[in-house]
Amino acid sequence: MTVYTPRRAARVLLVDAAGRVLLFNGFDPARPGHRYWFTSGGGLDPAESPAAGAARELAEETGLRLDPAELGEPVWSETAEFPFDGVWYRQQQMFFLVRVSSWQVDTAGFDDVERRSIAGHRWWSPEELAATDERYYPAELPALLTRLLQPTAGVGRDEGSC
């Protein structure tokens, strides 16, 4: 029987003007051959709100500093179960959408675990994700991005309507 460690997390779908999402390439230290792509974000501190945690993680992992209020409301949530470094987690995570025209990723804020388990990053289009044989999380990412990036998806958030 698997015993899960509960964890709350916040993740960021950082999307550039070309509609590509930033993903990191990493691996589980306990299983170095298990490589995968994943969004920016991570575990929340005990009293931290999802927006505050997402903003903190975004700054640490990419160098992009935003006020938590700038993230708006979460655009998606899920519960994921996974092993990492010998521990099984049941993680409740919320995803925020952040659009930038472009961004030069700065990973100087990585913590020790990130420095040991992240091998790189790149920007992916939903089409590239759907076509790749590489592993990425969440598995729903291409469909989620396609839905969120439709021209009408952002109406009422920052854009005015006629």
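## Basis

This is a predicted model: local features need pLDDT of at least 70, side-chain atom pairs count only at pLDDT 80 or more, and totals for chains, interfaces and linings use all residues. Residues are numbered from 1 along each chain as its sequence is written, and side-chain values use heavy atoms, with hydrogens and water left out.

## Helix α1

Helices (H or I, at least four residues) and strands (E, at least two) are DSSP runs, numbered from the N terminus. Helix α1 covers residues 50–62, 13 residues in total. From first C-alpha to last it reaches 18 Å, close to the 18 Å expected at 1.5 Å a residue. That expected span is 1.5 Å times one less than the number of residues. Gly63 follows α1, with a positive phi near 85°.

Several α1 residues are buried, including Ala51, Ala55, Leu58 and Thr62. Buried means under 20% relative accessible area, with a 1.4 Å probe and protein chains only. The buried residues of α1 pack against β1 (5–15), β2 (21–28), β4 (40–43), β6 (87–99) and α2 (112–117).

## Nonpolar cores

A nonpolar core is a set of buried Ala, Val, Leu, Ile, Met, Phe, Trp, Tyr and Cys residues joined through side-chain atoms within 4.5 Å. The largest has 23 residues. Leu14, Phe24, Leu71 and Val98 have the most contacts inside it. At least two residues each come from β1, β2, β3 (31–38), α1, β6 and β7 (118–124). The largest share, four residues, is from α1.

Contact means heavy atoms within 4.5 Å. Leaving aside neighbours within four places in sequence, Leu14 is in contact with residues including Leu58, Thr62, Val98 and Trp123.

## Aromatic rings

Rings of Phe, Tyr and Trp (its six-membered ring) pair if their centres lie within 6.5 Å; planes under 30 degrees apart count as stacked, over 60 as edge-to-face and the rest as tilted. The count comes to eight aromatic pairs. Trp37 and Trp124 have ring centres 5.2 Å apart and planes at 70°, so this pair is edge-to-face. It links strand β3 to strand β7, across 87 residues. Trp37 and Trp124 are both buried.

A charge sits over a ring if NZ of Lys or CZ of Arg is within 6 Å of the ring centre and within 35 degrees of the ring normal. Arg122 lies over the face of Trp124, at 3.7 Å from the ring centre. Arg90 lies over the face of Tyr4, at 4.2 Å.

Notes: Buried means under 20% relative accessible area, exposed over 50%, partly exposed in between (1.4 Å probe, protein chains only).
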